[in-house]
Amino acid sequence: MTDHSASSFIAGLSARLATRMRHICVFLGAGSSRPAGLPDMNGLSSAVSTTLREPDRATFEAMVGDHGLEGTLTRLRRIAALVEGDDEIQGVSGTQADRLDAAICSAIVSALSAIPANTRAADDFAAWIARANYSRPVEVFTVNYDLMIETALDKIGAPYFDGFIGMQRARFRSDLIEARETDENYIPAFFARVWKMHGSLNWEASATGVVRLGSTVRAGRSAAIYPSDAKYHESRRMPFVVLQDRFRRALYENETLALVAGYSWGDEHLNEYLFDAASRRQRSEVIAFSHGELPVELVDFARRTPNLQLIGSTEAVIGGVRGRWQEPEDTQLPSDVWADQKLKLGDFASLASFLARASGASSPDQTEVAAAPNREAGAADGGA
């Protein structure tokens with residue numbers, strides 16, 4: 001098996017990040033919030049289950065075992081759209097589907113609203129965004145519901161735009177998301193973009209659509225979390241459709257470098273966007289970091305697709321070649337990058353720390369955080 005140089009990979013990644021004309025995208029999964037003590041999808045499913053009463057708990061556990069948490073929500077919403085009252089589909093009535101949907105969303109909000117035990121990773125990540133001075137905006141795509149990234153950006157006054165305009169009941173503005181640099185209503189490039197493709201703790205579903213609140217959704221209210229593709233009120237689906245399309249278009253921009261972290265590759269729809277971009281955009285790259293072993297289902301694709309790099313703790317697929325990491329020639333590599341014969345960047349805390357250093361940023365737990373040149377504090381949506 002061919003070996004890969006960890007030192008060369010780190011140097012190459014640093015050089016890519018230093019190229020200001022590149023379009024930088026980051027795609028975050030639930031693993032990116034684990035350093036803060038928040039649950040991943042499996043942990044979230046367990047947390048939801050403990051809050052439910054019978055027979056809802058048994059129904060939920062049977063569904064989540066087959067479909068996962070978001071697949072369960074999709075299935076319940078399909079049932080609710082097809083039957084009403086006590087009419088059933090596979091033993092689940094329309095009434096139970098509505099009740100269980102609301103209970104699951106409420107439990108998710110409760111589980112993720114806890115005060116994080118450690119915000120260092122999010123703080124380092126925000127510090128990098130605040131100092132990154134690329135010609136095009138940094139775009140952060142996430143399937144997480146928590147508010148870790150927004151809170152960290154708020155803490156240091158880093159400007160960002162999340163698709164909503166307003167404060168207490170912010171409205172979704174697809175026209176601003178789709179605007180081009182030459183359009184009059186284009187949000188300036190020094191505002192980072194934070195796109196929450198599966199909803200958020202502070203998105204509320206209402207009869208007129210989805211709004212972003214100034215705080216998490218209150219108990220008894222319906223949080224907007226990953227609607228199904230079944231018959232569903234179009235205005236409530238709108239944010240998700242627009243943001244997923246933005247993900248596709250962002251990956252297709254020239255010179256895109258997409259960093260994937262904390263993601264379990266469980267969403268086939270989003271996977272296809274990443275695979276397609278890596279296959280078709282010759283001058284763009286997707287670098288996927290894994291906390292442990294390489295995802296088996298991705299190795300063969302990466303071998304055929306040099307633009308997709310899989311980075312694990314002990315091995316990698318780079319340039320279509322799978323190999324183990326060599327001991328770095330640079331013995332001065334920080335311990336959060338290399339330690340115990342392992343590359344540590346699959347841990348989001350280590351990756352965020354590396355990004356902050358790569359841009360010369362300081363972690364916001366220090367007394368002063370330097371703002372990027374010509375940037376103004378505050379967010380386009382009033383949220384920072």
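The count of salt bridges comes to 21, where a salt bridge is a side-chain nitrogen of Lys or Arg within 4 Å of a carboxyl oxygen of Asp or Glu. The model is a predicted one, in which local features need pLDDT of at least 70 and side-chain atom pairs count only at pLDDT 80 or more, while totals for chains, interfaces and linings use all residues. Residues are numbered from 1 along each chain as its sequence is written, and side-chain values use heavy atoms, with hydrogens and water left out.

One of these salt bridges joins Asp40 and Arg34, with 3.5 Å from N to O. Here Arg34 is exposed, at a relative accessible area of 52%, whereas Asp40 is partly exposed at 22%; buried means under 20% relative accessible area, exposed over 50%, and partly exposed in between, with a 1.4 Å probe and protein chains only. Another salt bridge brings together Arg283 and Glu255, whose closest N and O atoms are 2.5 Å apart. This pair links distant parts of the chain, since Arg283 lies in the loop between α9 (268-280) and β14 (285-289) and Glu255 in the loop between α8 (234-251) and β13 (256-261), 28 residues apart. Arg283 is exposed, with a relative accessible area of 64%, and Glu255 is partly exposed at 23%. Salt bridges that share partners also join Arg136, Glu139, Arg246 and Glu253 into one network.

Turning to the overall fold, the chain has 11 helices and 19 strands, these being DSSP runs numbered from the N terminus (helices H or I of at least four residues, strands E of at least two). Of its 384 residues, 53% count as buried.

In β5, Val140 is the bridge partner of Val26.

Finally, helix α1 (residues 6-18) has buried residues that include Phe9, Ile10, Leu13 and Leu17.

Note on methods. Pairing = 2+ DSSP bridges.
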